[in-house]
Amino acid sequence: MMKLRSLMVILPALGKMIRLGSTTAGEYAEGFRNPFLRKAFRFFENAPGWPMHGFPAAYMNGFIESSVKQSAVPLGGSQKVVYRMADLFREQGGELNLKTRVSDLVIENDRVVGIELEDGTRQTADEVIWAADGRTLLFGILDEMYLSDQLRTMYEEWRPVEPVLHVCIGADRDLSEEPPKAIVQPDEPITIAGREHE
């Protein structure tokens with residue numbers, strides 16, 4: 001039933017998606033006569049927090065639908081979520097070791113059966129979940145042993161998401177009547193680390 005409902009939403013937009021093809025959001029923005037709309041739409045491609053260079057304009061509708069209408073932040077922020085997960089883990093009898101760096105994986109018959117810590121001690125496990133970046137795992141820990149041609153191409157040719165710095169500033173005033181989100185654009189671009197930002 002859910003798939004049928006999704007199909008009913010996608011079908012009317014299918015023609016537009018085919019017409020737009022691989023047109024990026026930035027290229028599509030050039031078609032607006034209004035300078036403000038041009039700048040506002042292009043913002044999606046260079047948005048602080050998630051720059052999406054070359055993002056296809058055809059997929060903007062779905063992205064806006066999910067990120068604007070359905071996104072939310074948990075009460076207490078992500079830290080509260082992490083602490084709650086840790087508490088539940090301990091309540092179930094789990095043991096949490098912090099500030100313990102893993103230096104290697106223990107592999108037997110092409111299966112990860114444990115971890116090796118920096119001090120050389122080993123710990124076995126039924127399951128090991130890698131929760132760090134893929135490059136460190138594939139090129140560092142596994143030394144390219146399980147690196148497919150497709151994965152190599154992704155890491156060598158795909159454009160990575162650029163690093164993001166968030167600065168949060170509190171204001172001691174009632175902002176309840178203000179829009180929940182606002183974009184402030186300076187009159188002149190700001191140069192940071194040799195790059196201009198609008």
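Modeller: Ile-18 is found in helix H1 (residues 2–20). Before we go on, this is a predicted model, in which local features need pLDDT of at least 70 and side-chain atom pairs count only at pLDDT 80 or more, while totals for chains, interfaces and linings use all residues. Residues are numbered from 1 along each chain as its sequence is written, and side-chain values use heavy atoms, with hydrogens and water left out.

Biologist: What makes a stretch count as a helix or a strand?

Modeller: Helices (H or I, at least four residues) and strands (E, at least two) are DSSP runs, numbered from the N terminus. The protein chain has 7 helices and 5 strands. Their order from the N terminus is α-α-α-α-α-β-β-β-α-α-β-β.

Biologist: Why is Ile-18 called exposed?

Modeller: The rule calls a residue buried under 20% relative accessible area, exposed over 50%, and partly exposed in between (1.4 Å probe, protein chains only). Ile-18 has 63% relative accessibility, so Ile-18 counts as exposed. Across the protein chain, buried residues make up 15% of the 198 residues.

Biologist: What makes the nonpolar surface patch with Ile-18 a patch?

Modeller: Patches are made of residues with over 30% relative accessible area and no salt bridge; like charges are joined within 9 Å, and nonpolar side chains (Val, Leu, Ile, Met, Phe, Trp, Tyr) within 5 Å. Here Leu-4, Met-8, Leu-11, Leu-14 and Ile-18 make a nonpolar surface patch of about 510 Å². The areas come from the Shrake-Rupley method with a 1.4 Å probe, and for residues only the protein chains shown count as cover.

Biologist: Which residues form the negative surface patch?

Modeller: Asp-187, Glu-188, Glu-196 and Glu-198 form it. Lys and Arg count as positive and Asp and Glu as negative, while His and the chain ends are not counted. The place of a charge is NZ of Lys, CZ of Arg, CG of Asp or CD of Glu. One of the four, Glu-196, sits in strand S5 (residues 195–197). Glu-196 has a relative accessible area of 59%, so it is exposed.

Biologist: How do you know that Arg-84 and Glu-91 meet in a salt bridge?

Modeller: A salt bridge is a side-chain nitrogen of Lys or Arg within 4 Å of a carboxyl oxygen of Asp or Glu. For Arg-84 and Glu-91 the N to O distance is 3.9 Å, so the pair meets the rule. Arg-84 is partly exposed at 46%, and Glu-91 is exposed at 56%. A search of the whole structure finds 7 salt bridges. Another of them joins Arg-122 and Glu-116, with the closest N and O atoms 3.0 Å apart. Arg-122 is exposed, at 56% relative accessibility.

Biologist: Which residues are linked in a network of salt bridges?

Modeller: Glu-144, Arg-152 and Glu-156 are. Glu-156 and Arg-152 meet at 3.6 Å, N to O. These two are 4 residues apart in helix H7 (residues 149–157), so about one helical turn separates them. Glu-156 is exposed at 54%, whereas Arg-152 is partly exposed at 28%.

Biologist: And where is Glu-144?

Modeller: Glu-144 lies in the loop between H6 and H7, and is partly exposed at 34%. Its phi is near 65 degrees, a positive value in a residue other than glycine.

Biologist: Why is the pair of Phe-139 and Tyr-155 called edge-to-face?

Modeller: Their centres are 5.7 Å apart and their planes are at 75 degrees, so this pair is edge-to-face. Phe-139 lies in helix H6 (residues 134–141) and Tyr-155 in helix H7, so the pair ties together parts that are 16 residues apart in sequence. Phe-139 has a relative accessible area of 19%, so Phe-139 is buried, while Tyr-155, at 28%, is partly exposed.

Notes
Phe/Tyr/Trp six-rings, centres within 6.5 Å; stacked < 30°, edge-to-face > 60°.
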